[in-house]
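Morning, everyone. I have one model to walk through today. Please have a look at it first.

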Amino acid sequence: MSTAILTGPPVPGSTLERDLSALGFAVRQAERPAAVAQALAAVPAGQRVAVVDPRFVGHRHSLRLGLTDPRFGVAAIPGAVAVLPGERGALAAAATQDTTRGPAGEQGAAGGAVAAPPATGCLPDRLAERVEAEGTPVHRPELGTLVATVPATGAERAEAAAAVAAVDDEAVRLRSAVKSRDGFFTTHLVSPYSRYLARWCAHRGLTPNQVTTASLLTALVAAGCAATGSRGGFVAAGLLLLFSFVLDCADGQLARYSLQYSTLGAWLDATFDRAKEYAFYAGLALGAARGGDDVWALALGAMVLQTCRHIVDFAFNEAHVAPRGASAGAVSAALTGRLDRIGWTVWARRMVVLPIGERWALIALLTALTTPRTTLVVLLVASGLAACYTTAGRLLRSRRLPALGQDAARALVGLADNGPLADAVAAAHTPIRRPALAAPLWALAGTAALLGCLLLPGVAGGWAAVGAAALYALCAGHALAAEPTRPFDWLLPPLFRAGEYLTVLLIAADSEVNGALPAAFCLVAASAYHHYDTVYRLRGGAGSPPHWLVTAASGHEGRILAVTAAAALWSAGAGLTAALSVLAGGLALLVLGESIRFWISSQAPAVHDETGEPA
């Protein structure tokens, strides 16, 4: 429940009270501005509270944006301010201060239909300014063509009312439900109608979480259809995967349309996209197996490549959140600016990175028309080209970026996921000033040595692979012996992810043991979930997962040692499959249990992707 306090009697004929009630506010009226502090104290604890000037003129959606967004503790628009329960004290203090030190001539000003000019007579605006002056951030939403004003005269009020009538706020609301920046397929072939689906869901009381869950279930049914191995099943799988993507777009649009953001929704949104895609890969592999074709290695390779692509993006963005100087990235920025002036290049560059819309459309089309092997091979080639393009661009930009800050360094340490073994090596290292590329070169050397050793005939299932894994752990520790503050240190997490995931893939593929590759698929999926969970915690400002979780999960180097040791001990028979299955199950239970606990806790941030970056 929420309460809106009007700072005086409403203007005759105003729709303000009706608009506030429609937004879920119980409307109360303070007899005069000086009584607002007492009215605030009378509102039950735990409620959102808004203070609104009764002379307010504007669109209902302006009030919705300014007063109901759950992501911000304090938000304000001209003539209104709202706070969540945690910030009630700041607003009450500002109201008390205003009562004792309000501007001269204000008393009695709000009693008329249209009172003194808002510069001196608008109490909500002054409260927002005082709350902000005391150090509490105040969110002020971008209203665009929407109207929100407190007119001082009858003529100004009539002018504001005419401005309100000239703009269809429902049309604005529907447009704003769509991300301002998205891929070509999503922007032109999905969003034009998925936003109407989002509005349909809103009018029927459906929540974004329900739509997200429906998207997941649809994708799982699509994976099940693909697993049948029949042509009809593949066609149905392609169509259902596309519909799942439409629902995936609609859930975010519904959240923006109705401002229904939640902690649980953040967790669902952060994890379900990957779960749907990787479950579909598994469905393709199962379907191919029914036809006598083993493509589990290709399915696992597609998951490895896609996850490493994401880690490249996440690590670079965490390291270089914003330009740290006027000259940073000047050459690439200038080139981007010139390209943006050529309209088609904008969409070409967004498509070449193969964002989720284009990727799912490609998968759906190939699944319906070709075989699982063709689908996965084309996906690997396209994703590989996209990975080369994006990684090359990030490497070129990194040349001109300065050293990283402490926050970026902590984020990279969390993304690296070093365990007890690598930490022990790092702790024993003598601190010295190292060359700029020392850390990435250590990581690259360890990863290349490990993978190169595993590619040698007869090594993957022997003790030599365990020795290579031990060398990898030493290199991982040396790579993070000093804080990762150099411009290229963002390469550490993707190099470690490639080392871990590809080790599991190569050992399972080399063993030729029945069931080893599906078990390896599950193990990499559990590890990837842990790494995605770390990313979204960092994005929300909650920091890395707890140290005990990283220790219990053994870190990437510990898991590599466990897998290589299992292969050396049980390279023949069902032992390796059983070992990989146990590792996958244990890791999944560990990371899922802690992740669920975190994301449903009150400390978890509501993280929603509004950047439009390709996923």
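I'll go from the whole chain to a few single residues.

This is a predicted model, so local features need pLDDT of at least 70 and side-chain atom pairs count only at pLDDT 80 or more, while totals for chains, interfaces and linings use all residues. Residues are numbered from 1 along each chain as its sequence is written, and side-chain values use heavy atoms, with hydrogens and water left out.

Overall picture. The chain has 26 helices and 7 strands. Those are DSSP runs, numbered from the N terminus: helices are H or I with at least four residues, strands are E with at least two. Of the 615 residues, 52% are buried. Buried means under 20% relative accessible area, exposed means over 50%, and partly exposed is in between, with a 1.4 Å probe and protein chains only. Now contacts, meaning heavy atoms within 4.5 Å. Of those with a separation of 6 or more, 80% join residues 24 or more positions apart.

Next, the record. UniProt, in an unreviewed entry, puts "transmembrane region" at residues 376–396, 437–457, 463–481 and 567–592. Positions follow the numbering used here, feature names are shortened, and annotations may be inferred rather than shown by experiment. What does the model give there? Residues 437–457 are 86% helix and 0% strand, with end C-alpha atoms 32 Å apart. Residues 463–481 are 89% helix and 0% strand, and their end C-alpha atoms lie 27 Å apart.

Then helix H17, residues 372–398. Its 27 residues reach 38 Å from first C-alpha to last, close to the 39 Å expected at 1.5 Å a residue. That expected span is 1.5 Å times one less than the number of residues. Buried positions in H17 include Pro372, Ser383, Gly393 and Arg394.

Now Cys522. It sits in helix H23, residues 516–539. Buried or exposed? Cys522 and Leu587 are 65 residues apart in sequence, yet 9.9 Å apart in space, C-alpha to C-alpha.

Last, Gly46. It lies in the loop between helix H2 (36–42) and strand S3 (48–52). Gly46 is exposed, because its relative accessible area is 59%. Which residues does Gly46 contact, leaving aside neighbours within four places in sequence? Pro85 and Arg88. Met1 is 45 residues from Gly46 in sequence and 8.7 Å from Gly46 in space, C-alpha to C-alpha.

That's my tour. Thanks.
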